[in-house]
Amino acid sequence: VYTVDVADRERRVLADRDKLQQVLLNLLSNAVKFTADGGRVHLDAPQRADGTTPDGWAYLRVVDSGRGIARERQAS
């Protein structure tokens, strides 16, 4: 299951389009690659955990049900 949740669909982002597209493509393709059939990949643009987002900033998050990176390898 693939889902996208972006509450403010009118948000404009000033960024290098090609670079931003490449980052999102890499994150999403890795999520799909390492998520088993029947799993879940979700993209959203949440507020920060404290409920604020500074002017000029956008947060993007990819969440998946894949196996992830082993804890002992995360530092590298």
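1. Helices (H or I, at least four residues) and strands (E, at least two) are DSSP runs, numbered from the N terminus. Read in these terms, the protein has one helix and three strands, and along the sequence they follow the pattern β-α-β-β. Val13, to which this note returns below, has its place in the loop between S1 and helix H1 (17-33).

2. A word on the basis of what follows. This is a predicted model, in which local features need pLDDT of at least 70 and side-chain atom pairs count only at pLDDT 80 or more, while totals for chains, interfaces and linings use all residues. Residues are numbered from 1 along each chain as its sequence is written, and side-chain values use heavy atoms, with hydrogens and water left out.

3. The three strands form an open sheet in the order S1-S2-S3, and the pairing is mixed; two strands are said to pair if DSSP finds at least two bridges between them. The edge strands are S1 and S3, each of which pairs on one side only. From one strand to the next the twist averages 15°, where axes are lines fitted to C-alpha atoms, for helices over the stretch in contact, and angles run from 0 to 180 degrees between N-to-C directions. H1 packs on this sheet, touching S1, S2 and S3, and its direction makes about 155° with that of S2.

4. The two pairings can be described one by one. Strand S1 (residues 2-5) and S2 run parallel and are joined by four bridges, with Tyr2 standing opposite Val41 in S2. S2 and S3 run antiparallel, and four bridges join them as well; here Asp44 stands opposite Arg61 in S3. In general, strands of a sheet pair through backbone hydrogen bonds, either parallel or antiparallel.

5. How much of the protein is buried? Buried residues make up 9% of the 76 residues, where buried means under 20% relative accessible area, exposed over 50%, and partly exposed in between (1.4 Å probe, protein chains only).

6. Asp44 is buried, with a relative accessible area of 8%, whereas Arg61 is partly exposed, with a relative accessible area of 39%. In general, side chains of opposite charge can pair when their charged atoms come close.

7. Of the contacts in the protein with a separation of 6 or more, 54% are accounted for by residues 24 or more positions apart. Thr3 has its place in strand S1 and is partly exposed, with a relative accessible area of 24%. Leaving aside neighbours within four places in sequence, Thr3 is in contact with Arg40, Val41, His42 and Leu43. Thr3 and Leu43 are 40 residues apart in sequence, and 6.4 Å apart in space, C-alpha to C-alpha.

8. Leu28 is found in helix H1 and is partly exposed, with a relative accessible area of 27%. Neighbours within four places in sequence left aside, Leu28 is in contact with Val41, Leu43 and Val62. The C-alpha atoms of Leu28 and Arg61, 33 residues apart along the chain, are separated by 10.0 Å.

9. Which residues form a nonpolar patch on the surface? Val13, Leu20 and Leu60 form it, with about 250 Å² of accessible area together. Patches are made of residues with over 30% relative accessible area and no salt bridge, like charges being joined within 9 Å and nonpolar side chains (Val, Leu, Ile, Met, Phe, Trp, Tyr) within 5 Å. Val13 itself is exposed, with a relative accessible area of 52%.

Notes
Contact = heavy atoms within 4.5 Å. Areas by Shrake-Rupley, 256 points an atom, 1.4 Å probe, with all protein chains shown as cover. Salt bridge = Lys/Arg side-chain N within 4 Å of Asp/Glu carboxyl O.
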